[in-house]
Amino acid sequence: MRHLYSGKVRELYETDDGTLLLVASDRISAFDYVLSTPIPDKGKILTQLSLWWFDQLADLVPNHLTEAPIPAEFAGRAIACRKLAMLPVECVARGYLTGSGLADYQNGSLYGSRLPAGLVDGSRLAEPVFDPDSKAPQGEHDQNLTPAALAGLVGADLAAELERITLAVYRRGAEVAAARGIILADTKIELGVDAAGTLRLADEVLTPDSSRFWPAESWQPGRSQPSLDKQYVRDWLTSPASGWDPTGSQPPPPLPGEVVERTRATYLTAFERLTGRQWNE
């Protein structure tokens, strides 16, 4: 195998026959940093949950999965996929207002949407909105794209298709999650084009790394929501307990053991509640 690329969480390899292997590590990222402390089993959880979601979404959009043997050292944490020309866009859908979407709403820059005044952290939107970002190099911040900027980047027809697919994936994910007592607040997906020109869903999908999941029973607009995703890590990093300044130039500190254990438990809970399967790795 030939190693092609290291991302924040995943490693990409190419086999002798040209098949790609996307291998999820136990690394976790926040605020555009890769943290120095891994989360045990995180790569396997992300991989198995993505595979489950790809199956749930197969009727909506083709994906990059293909059939190929997985080497023993990557068992459970790798997927075989076809080569794609990845689009330079992170396609974000928001059904609830929080995080950077809330900040953009407050400063009037949420991707061309016309939202009513008076919304707060955790507010449900009447309809989900498409809010894409351009992909920045690792260590730099992604940049919001206006409708005109997205059309200029990929063309008007493809921009419209990205919006359609992203909102369809969000709606299906939100429907499935709601049946499990979970709110899908927002999610981001990535897409690429194969050699035949087919647009395909790629990377990961609807995981605690790429989405915000909230227990429906505890949702209460006007405050930060309890979550089943990596928001817990973000919250710890911005708390006085971490001693870290997100606006400074220093990287985040190592995660203490109790934060690692709770983060792993949170990811497992998301997997088990969404899929209805018990984790037995």
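**Buried loops, cores and a pocket**

Student: Leu-206 has a relative accessible area of 0% and is buried. Between which two strands is the loop that holds Leu-206?

Tutor: The model is predicted. In it, Leu-206 has a positive phi of about 55°, although the residue is not a glycine. Most residues other than glycine have a negative phi. The loop that holds Leu-206 runs between S13 and S14.

Student: Which other non-glycine residue has a positive phi of about 65°?

Tutor: The residue lies in the loop between S4 and strand S5 (33–34). Its phi is positive, at about 65°, and the residue is Asp-32.

Student: Is Asp-209 buried or exposed?

Tutor: Asp-209 is placed in the loop between strand S13 (199–202) and strand S14 (211–215). Beyond four places in sequence, Asp-209 touches Val-9, Lys-42, Leu-46, Glu-204, Lys-230 and Tyr-267. Its relative accessibility is 7%, and the cut-off for burial is under 20%, so Asp-209 counts as buried.

Student: Which side chain forms a polar contact of 2.4 Å with the side chain of Asp-209?

Tutor: The residues touched by Asp-209 include Lys-42, Lys-230 and Tyr-267. The side-chain polar contact of 2.4 Å is made with Tyr-267.

Student: Where does the side chain of Ser-25 reach at 2.5 Å?

Tutor: Ser-25 is in the loop between strand S3 (20–24) and strand S4 (29–30). With a relative accessible area of 12%, Ser-25 is buried. Leaving out residues up to four places away in sequence, Ser-25 touches Val-9, Lys-42, Gly-43 and Arg-77. The atom reached at 2.5 Å by the Ser-25 side chain is the backbone oxygen of Val-9.

Student: Which residue's side chain makes a polar contact with the side chain of Lys-83?

Tutor: Beyond four places in sequence, Lys-83 is in contact with Glu-14, Gly-18, Leu-20 and Asp-194. The side-chain polar contact, at 2.6 Å, is with Glu-14.

Student: How many residues make up the second, separate core?

Tutor: Val-205, one of the residues with the most contacts in the largest core, is in contact with Ser-50, Trp-53, Phe-54, Leu-57, Val-169, Ile-189 and Ser-210, apart from its neighbours within four places in sequence. The second core is separate and includes Leu-97, Leu-102, Tyr-105 and Leu-119; its residue count is seven.

Student: Which strand supplies the largest share of the lining of the second largest pocket?

Tutor: This pocket holds about 220 Å³ of space. Its lining has 14 residues, with Tyr-96, Arg-124, Tyr-170, Ala-174 and Leu-184 nearest the centre. The largest share, five residues, belongs to S9.

Student: How many of the lining residues of that second largest pocket are charged?

Tutor: The lining comprises 14 residues, Arg-124 among those nearest the centre. Ten are nonpolar and one is polar, while the number of charged residues is three.

Note on methods
Residues numbered from 1 in each chain as written. Predicted model: local features only at pLDDT ≥ 70, side-chain atom pairs only at ≥ 80, totals over all residues. Heavy atoms only, no water. Helix = DSSP H or I, 4+ residues; strand = E, 2+ residues; numbered from the N terminus. Buried < 20%, exposed > 50% of the residue type's maximum accessible area, 1.4 Å probe, protein only. Polar contact = N/O pair within 3.5 Å; in protein donor to acceptor, adjacent residues only side chain to side chain. Contact = heavy atoms within 4.5 Å. Core = buried A, V, L, I, M, F, W, Y, C linked by side-chain atoms within 4.5 Å. 1 Å grid on protein atoms, 1.4 Å probe; cavity = no way out; pocket = protein on both sides within 12 Å on 5 of 7 lines; lining within 4 Å. Points joined across faces, edges and corners; volume = space filled by probe spheres on them. Nonpolar A, V, L, I, M, F, W, Y, C, P; charged D, E, K, R; others polar.
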